[in-house]
Amino acid sequence: MTDHGNKKWTIFLLVASGVFMSTLDSSIVNIALPFIMEDLNARFETIQWVIVIYLLLVSSLLLTFGRLSDIKGRRIIYCSGFMIFSAGSLFCSLASEASFLIFSRAVQGCGASMLMACSPALVVDIFPLSERGKALGMVGTVVAAGLTAGPIIGGVLLDLFSWRFIFFINIPIGVVSAFLGAYILKGTNADKGNSEPLDKKGGILLVVSLFCLILAITHFDQWGAFSMKIIALFVLFFVTCTGFIITELKAEFPLFEPALLRVRLFVFPIISAGILFAALFIIIFMMPFYLIDPCGFSASATGGIMVTPFLVLFFVSPVSGILCDRTGTSRGLCTFGMILLSGSLLSFTMIEPSAPVSSILWRLALAGTGTAFFISPNSSAAMGSIPAHRRGIASAAVATARNLGMVMGVALAGLIFSVTFSNLTDGASLKDYTPDMESAFMAGFHNAMLAGVIIAFAGVLIAFMRGGIENKKI
């Protein structure tokens with residue numbers, strides 16, 4: 001093997017370590033939410049912010065760090081991301097109140113956004129065009145490995161120890177990867193930057209606009225649709241969002257290049273990625289509560305069941321990447337994947353707590369299969385349509401769409417479930433769940449899944465509208 005061949009696989013392993021760590025943490029936290037809610041005596045509406053704040057910070061900062069990686073070089077951003085993520089993990093493990101845990105997750109989100117902004121660009125930079133789909137498919141396999149290991153490890157740790165241990169495991173991985181990354185990436189393209197200024201104004205406006213939108217959605221029921229707080233948040237969202245668009249159009253070196261919006265095979269994959277992950281995370285967020293409360297499964301059993309979609313993702317993602325390389329198009333694969341996810345969500349609108357485990361497993365497997373057929377072809381299409389010197393921005397935009405979809409899915413599921421459950425139980429919270437509340441729980445659960453069906457069906461149309469012929473350059 002040539003030196004270049006050795007180098008590209010060494011860099012791939014480094015990227016894989018960051019991807020594995022962040023996805024492992026994500027899936028473990030989802031499993032642990034019901035236990036964290038009980039231990040910290042927090043309401044359902046509060047504890048969902050453990051997920052929301054992480055995804056919100058990632059979504060808000062990805063473009064900034066993607067742009068910064070083009071300016072300063074990806075090495076310093078990527079390695080700093082490992083250290084900040086590790087520090088956030090330490091803070092999470094020491095949290096004694098929900099508010100401090102949410103703050104600590106925000107720190108984790110900052111570090112994760114630095115890692116996610118650089119990861120796809122590092123892979124695309126080092127692999128030739130002919131191997132890009134395969135490489136991104138392998139990244140999908142690593143994602144699946146982290147997501148698969150998370151529920152298993154999390155279930156065991158929750159049964160044997162405490163939810164705090166789920167954060168401890170990130171610390172050694174992050175610290176070691178930071179030092180290895182500083183060495184491995186030294187002298188590569190990841191060290192190269194440019195002298196262009198960072199669009200700080202655009203970055204601040206983006207953070208404020210997304211924060212206002214998510215805060216309004218998550219408190220829509222609690223504060224009231226026509227309360228001054230909700231109205232003020234939506235007005236501020238509109239003003240800052242408009243300000244961000246105007247800033248990007250006028251800036252000489254914008255945070256996000258408006259010219260990229262003219263690339264059809266970049267815009268449509270970005271939109272459809274956001275939609276897919278919004279629909280998927282309605283399932284991922286709600287399932288642990290369904291399995292533990294009305295179904296009565298233990299933490300380890302819940303973890304074992306939640307492995308299913310990620311296990312499927314592990315095996316199918318490389319196949320979809322190879323198929324994309326051979327066919328040269330993502331349209332059919334992505335549309336098919338979105339249809340399968342729609343079917344999974346539809347099937348969940350009819351499930352009951354008395355359903356056998358096999359009935360739960362095939363529904364989750366269907367969601368995993370659909371996601372696997374979608375992810376790598378979609379990423380390959382989006383990244384392949386952008387010139388190399390702008391892949392930092394493109395990489396961050398892809399990850400922003402993904403994470404914004406996740407946070408919107410969690411926020412929407414939390415809102416729909418909370419409103420339904422509260423209305424049917426005279427204002428009770430999920431932390432006060434008792435068996436006689438089963439019908440109220442299932443009504444909220446089914447309504448959340450129905451919203452996912454509608455979202456996923458819209459994704460089918462967007463995925464199909466991207467067109468059938470794909471070029472790899474602008």
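This is a predicted model: local features need pLDDT of at least 70, side-chain atom pairs count only at pLDDT 80 or more; totals for chains, interfaces and linings use all residues.
I turned to the largest cavity, which holds about 700 Å³ of space. I looked up which elements give two or more residues to its lining, and the list runs to helix H1 (3–39), helix H3 (49–72), helix H5 (98–126), helix H6 (132–160), helix H12 (264–292), helix H13 (299–327), helix H15 (357–384) and helix H16 (391–424). Of these, H15 supplies the largest share of the lining, with nine residues.

I then went through the lining residues of the largest cavity, 39 in number, and wrote down Thr23, Val143, Phe277, Arg402 and Met406 as those that lie nearest its centre. Sorted by class, the lining of this cavity comprises 24 nonpolar residues, 14 polar residues and one charged residue.

Next I looked at the largest pocket, for which I recorded about 820 Å³ of space. Here the elements that contribute two or more residues to the lining are helix H9 (200–218), helix H11 (228–250), H12 and H16.

Which residues lie nearest the centre of the largest pocket? I found Leu63, Phe244, Ile270, Thr400 and Leu404 there, out of a lining of 26 residues. By class, I counted 21 nonpolar residues in the lining of the largest pocket, together with four polar and one charged.

Definitions and conventions: Residues are numbered from 1 along each chain as its sequence is written. Side-chain values use heavy atoms; hydrogens and water are left out. On a 1 Å grid over the protein atoms alone, a cavity is a set of points where a 1.4 Å probe fits but cannot get out, and a pocket is an open set with protein on both sides within 12 Å along at least five of seven lines; lining residues have an atom within 4 Å of a point. Grid points are joined across faces, edges and corners, and a volume is the space filled by probe spheres set on the points. Helices (H or I, at least four residues) and strands (E, at least two) are DSSP runs, numbered from the N terminus. Ala, Val, Leu, Ile, Met, Phe, Trp, Tyr, Cys and Pro count as nonpolar, Asp, Glu, Lys and Arg as charged, and the others, Gly among them, as polar.
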